[in-house]
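Open the model in your viewer and keep the selection tool ready.

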There are 2 protein chains.
Amino acid sequence: MSDAVSPLASPFPALPAIAGVTPRVARAGYKDWGRCDLTYVELDEGTAVAGVFTRNLCCSSEVELGRQNVAQGAARALVVNAGNSNAFTGYRGREAVEAIMDQVSAHLGCAREAVFVSSTGVIGVPLPKDKARAGIEAALLAPPCTWQEAANTIGTTDTFAKGATATAIVGDKTVTLSAIIKGSGMIAPDMATMLGYVFTDAAVSPAFLQECLSAANKRTFSCITVDSDTSTSDTVLAFATGKAGNAPLTSLDSVGGEAFAAALEQVCRDLAHLVVKDGEGAQKFIAVAVSGAVSDESARRVGLAIANSPLVKTAIAGEDANWGRVVMAVGKAGEPADRDRLSIGFGGTWAARDGQPLADYDEAPVAAHLKGREISIEVDLGLGQGRATVWTCDLTHGYISINADYRS
Amino acid sequence: MSDAVSPLASPFPALPAIAGVTPRVARAGYKDWGRCDLTYVELDEGTAVAGVFTRNLCCSSEVELGRQNVAQGAARALVVNAGNSNAFTGYRGREAVEAIMDQVSAHLGCAREAVFVSSTGVIGVPLPKDKARAGIEAALLAPPCTWQEAANTIGTTDTFAKGATATAIVGDKTVTLSAIIKGSGMIAPDMATMLGYVFTDAAVSPAFLQECLSAANKRTFSCITVDSDTSTSDTVLAFATGKAGNAPLTSLDSVGGEAFAAALEQVCRDLAHLVVKDGEGAQKFIAVAVSGAVSDESARRVGLAIANSPLVKTAIAGEDANWGRVVMAVGKAGEPADRDRLSIGFGGTWAARDGQPLADYDEAPVAAHLKGREISIEVDLGLGQGRATVWTCDLTHGYISINADYRS
């Protein structure tokens, strides 16, 4: 964890314990730091799992194996290593992950495929197997930890611990979701540099859990960007222990199925926003709401072109209502757009309508809005019914400082 | 022109005068600044013209009209306004451009379509017609200026004047090219935030001039990026007066046709490099050489994904041989890539081969290379014969400072 906490940080919420889920942390010493860096979460038998992973073609062995293992639908443990991403480390990296899977599955007496491993940190250095082994041994002996301790332990350049929770009524039961996430840079659509974990006591079939998670991902994690860079390790996993005792959810038509899906999406949205709010160097949280596009997907792409534009992001950092840069970003998105139908606003005030600056444009409310921490940019393409909202942060000196000397 | 000159700047070269080309500058006062901001270049009758323009869909009226006018192949004058891009200004912006075309064509007694107008600067503020008119009147009365004065006058956030020259032997004649360019931010493939003008005394048919310029653009301007943002106004025009008296060039098969094409491409490459070397905040010039791709175009896209990655650019700023970030950028490019065949080097030293860090990797020569001003990143995808080189600069605090309070 970095020293300077993001000005957009929020206190860690009160996350309920989830029956059948036991988190522990230990110090593997992946880096020369005085903090825990290995998180071990044990899951009771009968836990269903679903996952979404980075689309980066140079993904890590953790992602390759995780993607395979999710297919069998059951999980017994999660191990998260912080400080070393183990990505681009060839067969040695893969061996390190398999060694962890062997060690944990031997301890639990479960299938190797039920052990999920994530790693985050520097790319290109094989995860040291001896440190991982000793770290896991220590974790197995450690007392259960709080969600906040686990959230802190999975973090790397994060400046605050991130968690979210929700409940849903399923038949005559209330199911609970508690979730943690890490990530603050290398964040881009198609999944961010982030590791997120949602735990619920709901009884859910693996297939329906995957359906809900994939749908939520599309409208949450895939709509955030910090710096347009896509990590090689991004992973979000959802685990459902079934301890709440509800009638198992198998589709949106199950009693409580929609409520559960909505709660899962809410948790994912909260987590996604927290990642943006810890964007490296972020001083402002920016929501880009695009309407009038030819489709929702087109709106999302236009929104991301705006949210990824360094010139837009620096303008917001400078509290400058430079809507011309938004026009530029719309135009470069490669999506259907018509300059003469385009309207752009900030904080609910239109600055330009139908391709021209507003004659009676009053910059005062916009200037006041831009001085705040939470900024909204509204774009109406004037073409159709497609809409999407994406979220990002401003681009500041802090981003440069963090990234120009991260590794050394 | 900004106060702090780029550390990558080079002195303005000795650009020969081009017969049939007369540049003049004046002060239109588009901004409240004590400098010339209107450039007027008169071209003798018989001048051929070609052009390449931004692909930004929200382009300016200057671009729309220029694209139309290039089609008729003849030019008599060029007007460049600095300080106001006139983009996204609707019919008022278009009227301002047409007024300039009318004024100049009336003065020269030529077709309106032979007058080319470019504008650069803030988006969204209609170009003031009265200032443009008075500025052109002043320019018509001004003495001819030097290429350096013209190069300074078309600049906005540029920190140094940029020019390039070349010659080619065409039959028994030597033809000369002199060229100027402006641009230092909002630079991306598919043309940059830049206005470039190439003048030659060669006799060239408009069609062949366009063929040469389009081909050169593909390997030069379309291979540079500063910040991935694509301007609404990018324009490169080539003017050929024919005063050298060579037998007119009409194709690569003409005597001297290939030599001319090569000279034009050389000038375009020099100009493109100068723009990158004046990238906002640039401290280092970076060449990304991609080989082993499935095609040249695939190599170019992979190169641009690397060159546009904020994490790669900040790593170079920090003189950090963080090849893991290069891996990440390759993987997110969306082009064919295989982690286990990928090799990455800096300054001619491989850091990783075939998907793994080099066992005997000696970081010393790489560290020494990264301390320099001109950095090379080599990427071998190990898949095919496609190759491309793209150029960019590092991402520094200077970029943030320049762009977080540019407009106000």
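Start with how helices are picked and compared. Helices (H or I, at least four residues) and strands (E, at least two) are DSSP runs, numbered from the N terminus. Axes are lines fitted to C-alpha atoms, for helices over the stretch in contact, and angles run from 0 to 180 degrees between N-to-C directions.

This is a predicted model, in which local features need pLDDT of at least 70, side-chain atom pairs count only at pLDDT 80 or more, and totals for chains, interfaces and linings use all residues. Residues are numbered from 1 along each chain as its sequence is written, while chains are lettered from A and ligands numbered from 1 in the order in which they are written.

**Stop 1: two helices**

Select residues 90-108 of chain A, helix α2, and residues 129-141 of chain A, helix α3. Their axes lie 10 Å apart, at an angle of about 25°. α2(A) and α3(A) are therefore roughly parallel (angles under 35 degrees). Now show side chains. From α2(A), the contact includes A:Ala96, A:Ile100 and A:His107. From α3(A), A:Lys129, A:Arg133 and A:Leu140 are among the residues that take part. Two residues are in contact if their C-beta atoms, placed from the backbone, lie within 7 Å.

Colour this contact by class: seven residues are nonpolar, two polar and two charged. Ala, Val, Leu, Ile, Met, Phe, Trp, Tyr, Cys and Pro count as nonpolar, Asp, Glu, Lys and Arg as charged, and the others, Gly among them, as polar.

**Stop 2: two domains**

Next, colour chain A as domain 1 (21-277) and domain 2 (285-404). These bounds come from an automatic or database domain assignment. The C-alpha centres of the two domains lie 32 Å apart. Twelve residues of domain 1 are in contact with 13 of domain 2.

**Stop 3: two chains**

Show chain B as well. Here 50 residues of chain A are in contact with 50 residues of chain B. Which element gives the largest share of chain A's side? Select α9(A), which gives seven residues. By class, chain A's side has 22 nonpolar, 20 polar and eight charged residues.

**Stop 4: a covered helix**

Finish on α9 of chain B, residues 323-332. Ten of its ten residues are buried (20 or more other C-beta atoms within 10 Å of the residue's own). B:Trp323, B:Met328 and B:Lys332 are among them. The cover includes β4 (115-122) of chain A, together with elements of chain B such as α7 (296-307) and β13 (374-380). After α9(B) comes B:Gly334, with a positive phi near 80°.

Technical notes: Buried ≥ 20, exposed ≤ 12 C-beta atoms within 10 Å, placed from the backbone. Parallel < 35°, antiparallel > 145°, perpendicular 65-115°, else oblique.
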